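Hi,

Here is the structure I said I would pass on.

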Amino acid sequence: MSRFVATTLALCLAATAAFATPAFAQTKTLTISWWGFNGEKLESIVLAPFREQCGCEIQFETGNNGERLNKLQIRNGAGVDVAYFSDSFSQQGIDLGVFQKIDPSKIPNLEGIYDLAKDPQGGYGPAYTIGRVGVVYDSEKIASPITSWNDLWRDDLASSLSLPGITTTAGPMVVMKAGDHEGVDAFENADAAFAGVEALKPNVVKNYNTGSEMINLFSTGEITAAIAQDFTLGQIQAAVPSVVWADLEEGSIATLNTVNIPKGAAEPELAHEFINFILSPEIQQQLAEQGVDAPVVKSVTLTPEQASLWTYGADVIDGLQRIDYAKMNAAKGGWVDRWNEIFGM
């Protein structure tokens, strides 16, 4: 081989290596938008094993629902591959056009989850956990059990009830239940629904905006009942063991946390893989056992003690009421103003 040929070959190989090396070294990155709660548990149960499976890096965008959705809207759905939201906010994202529909064929674990969680919003992301909004009350201080949403208007609950603030997840549900109490659909007849809210006011000590506020009101004895989300029950009972979850004849209201793929996702294939991963029976079992999320996988089996704090089991889930969040989001602005007229800012 001549020196010219040898030199040319060496240069070609070097050039090939120079272009090839970055491709082999490049690692995909999955960007997740979520709240950032339970970081240590999620790292050990979800993130570490998924990194091992995908050979990818993971980075995060954290904050509350509103902040993160606003960022996605500003960026027109770009900058994030997987987005965790409560269902009222994911519906807003759908209405704003920041999410893409998922490909169910790429998420085979959908087959093993409850129907309520599979497709809650018309082809977009599934729910990875199911919660509920209902009534909690101190069974030692309230002589007659609360068995209906209508019981909140009882005279024996005067000056003993706390409601979620209107801008919280559960707040607008109070207006809906006030409409039911008045025999109307709150979306169709807001005047009658808010007459029901006004009638409830004598029983209300305070509206709360965080779970810790509500728990403190139980602890100090200022309230004996509240409308609450089920994830607060364990903390309430730790402070006041006699507080129980009311078995309401109309059923509690379903709250779903969904996981969606924004339309500007850089790694949609990896996003589908991640969603399928968190819906696997093994991961859902661990998340439920470790007190992170209620399971949506039907095959997850929990002890009575483990199940007591969760929306768990076919009978419970089948009895939940669903919210039309498209209607709620459209009505919420006007409801906030009317609520503040009754309770103040």
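Let me start with helix α10, where the buried residues are L270, A271, H272, F274, I275, N276, F277 and I278. Buried here means under 20% relative accessible area, exposed means over 50%, and partly exposed is what falls in between, with a 1.4 Å probe and protein chains only. That makes α10 mostly covered, with eight of its eleven residues buried. The cover over those buried residues includes β1 (29-34), α2, β3 (82-86), β5, β10 (253-262) and α11. Contact, wherever I use the word, is heavy atoms within 4.5 Å. Helices (H or I, at least four residues) and strands (E, at least two) are DSSP runs, numbered from the N terminus.

Before going on, some housekeeping: this is a predicted model, in which local features need pLDDT of at least 70 and side-chain atom pairs count only at pLDDT 80 or more, while totals for chains, interfaces and linings use all residues. Residues are numbered from 1 along each chain as its sequence is written, and side-chain values use heavy atoms, with hydrogens and water left out.

Next comes α11 (residues 281-289), where I283, Q284, Q285, L287 and A288 are buried. Those residues pack against α2 (39-54), β5 (127-138) and α10 (268-278). Just after α11, G291 has a positive phi of about 75°.

Now for two helix pairs. Axes are lines fitted to C-alpha atoms, for helices over the stretch in contact, and angles run from 0 to 180 degrees between N-to-C directions. Angles under 35 degrees count as roughly parallel, over 145 as roughly antiparallel, 65 to 115 as roughly perpendicular and the rest as oblique. A crossing is right-handed if the near helix is turned clockwise from the far one by less than a right angle, and left-handed if anticlockwise.

α3 and helix α4 (residues 87-96) pack at about 15° with their axes 10 Å apart, so they are roughly parallel to each other. The crossing of α3 and α4 is right-handed. On the α3 side the contact uses N65, G66, L69 and Q73, and on the α4 side F89, Q92, G93 and L96. By class, that gives three nonpolar, five polar and no charged residues. For the classes, Ala, Val, Leu, Ile, Met, Phe, Trp, Tyr, Cys and Pro are nonpolar, Asp, Glu, Lys and Arg are charged, and the others, Gly among them, are polar.

N65 sits in α3 (residues 65-74) and is buried, at a relative accessible area of 11%. Leaving aside neighbours within four places in sequence, N65 touches W35, F85, S86 and F89.

The other pair is α7 with α14 (residues 325-343): their axes come within 10 Å and cross at roughly 30°, so these helices too are roughly parallel to each other. This crossing is right-handed. A190, D191, F194, V197 and E198 in α7 meet W335, R338, W339, I342 and F343 in α14. By class, there are seven nonpolar, no polar and three charged residues in that contact.

Last, the cysteines. Taking a disulfide as a pair of cysteine sulfur atoms within 2.5 Å, the count comes to one. C54 and C56 form it, with their sulfur atoms 1.9 Å apart. The torsion about their S-S bond is about -70°, so the disulfide is left-handed. C56 is buried, at 6% relative accessibility.

Cheers
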